[in-house]
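Subject: The structure I promised you

Hi there,

Here is the structure we talked about. Have a look at it first, and then read on for what turned up.

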Amino acid sequence: MAHSSAFAHRHIGPDQSEQQRMLEALGYASLDELTSAALPADLATARPLSLPEPLNEDEVLERLRALAARNQVLTSMIGLGYYGTITPPVIRRNVLESPAWYTAYTPYQPEISQGRLEALLNFQTMVEDLTALPVAGASMLDEATAAAEAMTLAHRAANSRATKTGGVFLADADCLPQTLAVLATRAEPLGLRLVTGEISPELIADQPDGELFGILLQYPGASGQVKDLRPAIEAAHAAGALAVVAADPLALTLLTPPGELGADIAIGSTQRFGVPMGYGGPHAGYICVRDDLKRQLPGRLVGVSVDADGHPAYRLALQAREQHIRREKATSNICTAQVLLAVIAAMYAAYHGPAGLTAIAQRVAGKAASLAALLTGKGLAANCPAYFDTVGVLVPGGAAQAVERARAAGYNLRLAGPDLVQIACDETTTDQHIADVAAAITGEPPVPANTVPLPEAAPAIPAELRRTSAFLTHPVFSTHHSETSMLRYLRKLADFDIALDRSMIPLGSCTMKLNATAEMEPISWPEFADLHPFAPADQAEGYHELIAGLSDALTEITGYDAVSLQPNAGSQGELAGLLAIRHYHRSNDAPERTVCLIPESAHGTNAASAVLAGLRVVVVKCGSDGAIDLGDLRAKLETHAGAVAAIMLTYPSTNGVYESTVAEVADLVHAAGGQVYVDGANLNALVGLARPAEFGADVSHLNLHKTFCIPHGGGGPGVGPVAVRAHLAPFLPGAASAGPQAAGPVSAAPYGSAGILPISWAYVAMMGASGLRQATGVAILNANYIAKRLDPYFPVLYTGQHGLVAHECILDLRQITAQSNVTAEDVAKRLIDYGFHAPTMSFPVAGTLMVEPTESENLAEIDRFCDAMISIAGEIAKIGSGEYDQADNPLKNAPHTASMLLADEWEHGYTRSQAAYPNERDRRSKYWPPVRRIEAAYGDRNLVCACPPPEAFES
């Protein structure tokens, strides 16, 4: 392979000598020889990547500074769900900018995730308290997505014939416009009828008998109006429908919460709790439900269980209903969250506490009231008498000119109509802002705020809607108000966890590679962080150039013709790609094409996404080698002739091999009139070697949080762009690509989570063509080296041509389990004692471990992992020989905590040293898990999803 960039040597773990040693162990002379042997020859691209020459770290930061300078950050008073906020520096530095938090993985191994699980439980408790509903999820992708999930939840749960027919969902016209747009996208393929209007008991009564299943109300409304929602909620209940309220969490410190108004579901965004606007994201949405709906809650739910000693411990609850497991029976394709952003929001609430949040809300509401008084004192009329933070003012025939005057003065306002200007106040609003905006609207010359006192005005909240109930009463929200306390709390929680800053995370299918500091640094710059997603386009020229450059790079890498960066998770990218296929067939007068073929080895979200896109899932079998069974594929194509919309497959396959028949599969599906969707989860095994569009794919989503270095953040954020060939381009979502035939938006903001796109832009810019290709080669090298070393102890389940795997390998423990009763879970928990996060357990094959080392791990770390696995194999052998008891041994009792070893009595058939220090060389840097193995069933039987009292942790 060609010489790579200077940065590539930092990103790629093994140096040249280490690569050569691994190649020799595998019997290959070079990376090119290895990758040529692994990848089927007919898939290899004949066209090398054509990308700009790579930049070093200083150069890429200089280039990003220049792009950032082309963004104009005016004071945003647009509102519409996005607000200026102040991220406390202690939280910014020690969460957002800390690799201990942003490099962590989803907490599927709860024993080494207690820190972020506690932070997420704080988030859930915060949402439950503010909304006065008892069960909140661990966060959603954004407010619009949460509304769509609430709609489908209401459809499942409503007691009416609407669950059998399509049914009607009423959305109030005063809902956020981006939410209404996403609702329309999501309702149509499911056959749900979305009706928008001013919701009243009369409108509810006018709906066809028994067909209304839910209503959505905004609180406060997009117009700023605060009104009593109880009459509409009561009318909805009388009609057998559920009531969903989209509520601003800051306003809920002053307003009667949705649960007390009678709402069944509350949704919203926690962006204004310390999370920058980021030109649209990422932000943590929320969803909260009444108790009897908790098992229908989409996404993730953190619960309290107990460990092996009976001590309280956190875990993801109700995982049996997680969407990646339910597959085609799933009710949602959400299998991610916005963990990093939810942690920031929860810590913001803990840092300010209930009194601090209330004071912020009162200041915001007071500024809005002062602005309204100032404007009405000048003869202008407000559009509504009751509001929280947003003032609408009537400027007959002059609204556009008023907005332009404000823009010239440095402020973005919302033009809500030819005669109506809206101004949203937030935590950052000052008296000077109020004076400047009032002068701009009235056309008067600006007057310094300190020379004319602003009118004092009480918040314009009706007495009957003022909150009287307490909230955030748990001690965690009153303990950490000093910076010292918050700093130590964040450090304590981070120390509970294993993230990439501590060790390798060898998760198969999840690609836990380096998230370089130079890639991360720009996301905190105000020119990227503080831009409103609906700011005028000419204020975001730097963002648009960055987005265009990243889009061009992605199309060059994949061979596709167009890309939309709007999907803010892989799940939303899948949905967008399948919706594009659905609308493409409809544009060709083939609406009968509704069958989506999915191999049985596919990611669970694939089937769930197909269902949400209005497609019918038909599973295609895989053979004993893990590859698609061509005979079964031909049979399914014949059985469903004329009805096939698409096949959805992953390449390299989910089994970790390069199937040799993928081009033939594509030809067969195309011949049957279908489209080929290649899940881009494993694109990091193709970059620079092969292009999906060249071997027959029509569409892919690309996980920027995997292949392109956006960090996982403990289970979010992510970005899942969708890339297509030219014939599907008119059907893509997003501001840059959406044509009149587009299926509609899949996330709230035009460019999704634009605030983290600089990470992937920087990665591609610093790696260049040669670096990207070498990264792919080393990922393949590292995986095959591990497979070679571990195969004698844990047989590798699937291999491709020449006995090679792709970028990951599946270790088969099923025979070991049959002989010794040691399960994949036992090995996973024992790895904690060695200081490792476990590989992926029992996916895609039960009883196995899937290992993916990535290109970023050097030989020393890879060997450390292999040595740990080989040592564990030795421990398993001692169980087989009888030296260790089958029930009482280091694997069954793993992980071992410090308190367990400090107990006066030690009655196990192995020593304390063998328990805690299985690897002598790691004695000084030993990771101590905070809890022993957690009992899953207990937590599901006794569901608790809010912070337990401190007394629960007393021994």
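How do the residues lining the second largest cavity divide into nonpolar, polar and charged? Keep that in mind for a moment. One thing to know before we start is that this is a predicted model.

**Cavities**

The structure holds seven cavities of 30 Å³ or more. Here is the general idea behind looking for them: rolling a probe the size of a water molecule over the atoms shows where empty space is left.

Back to the opening question. The lining of the second largest cavity has 16 nonpolar residues, three polar ones and no charged ones. This cavity has a volume of about 180 Å³, and 19 residues line it. Nearest its centre you'll find Leu96, Pro282, Leu341, Ile523 and Ile756. The largest share comes from α14, with three residues.

Now the largest cavity, which has a volume of about 210 Å³. Its lining is made of 20 residues, and Gly81, Tyr83, Leu176, Gln218 and Asp248 lie nearest the centre. By class, that lining has nine nonpolar, seven polar and four charged residues. Strands show up here: β5 (212–219) and β6 (242–247) each supply at least two of the lining residues.

The most comes from α7, which gives four residues. Overall the lining of this pocket has 18 nonpolar, nine polar and five charged residues.

**Two helices**

Last, a pair of helices. Two packed helices are described by the angle between their axes and the distance between the axes. Helix α22 (residues 570–587) packs against helix α23 (residues 604–612) at an angle of about 50°, and the axes are 9 Å apart. That is why α22 and α23 count as oblique to each other, and their crossing is right-handed. To see where they meet, find Ser571, Glu574, Leu575 and Leu578 in α22, then Thr605, Asn606, Ser609, Ala610 and Leu612 in α23. This contact has four nonpolar, four polar and one charged residues.

Conventions: Residues are numbered from 1 along each chain as its sequence is written. This is a predicted model: local features need pLDDT of at least 70, side-chain atom pairs count only at pLDDT 80 or more; totals for chains, interfaces and linings use all residues. Side-chain values use heavy atoms; hydrogens and water are left out. Ala, Val, Leu, Ile, Met, Phe, Trp, Tyr, Cys and Pro count as nonpolar, Asp, Glu, Lys and Arg as charged, and the others, Gly among them, as polar. Axes are lines fitted to C-alpha atoms, for helices over the stretch in contact, and angles run from 0 to 180 degrees between N-to-C directions. Angles under 35 degrees count as roughly parallel, over 145 as roughly antiparallel, 65 to 115 as roughly perpendicular and the rest as oblique. A crossing is left-handed if the near helix is turned anticlockwise from the far one by less than a right angle, and right-handed if clockwise. Contact means heavy atoms within 4.5 Å. On a 1 Å grid over the protein atoms alone, a cavity is a set of points where a 1.4 Å probe fits but cannot get out, and a pocket is an open set with protein on both sides within 12 Å along at least five of seven lines; lining residues have an atom within 4 Å of a point. Grid points are joined across faces, edges and corners, and a volume is the space filled by probe spheres set on the points.
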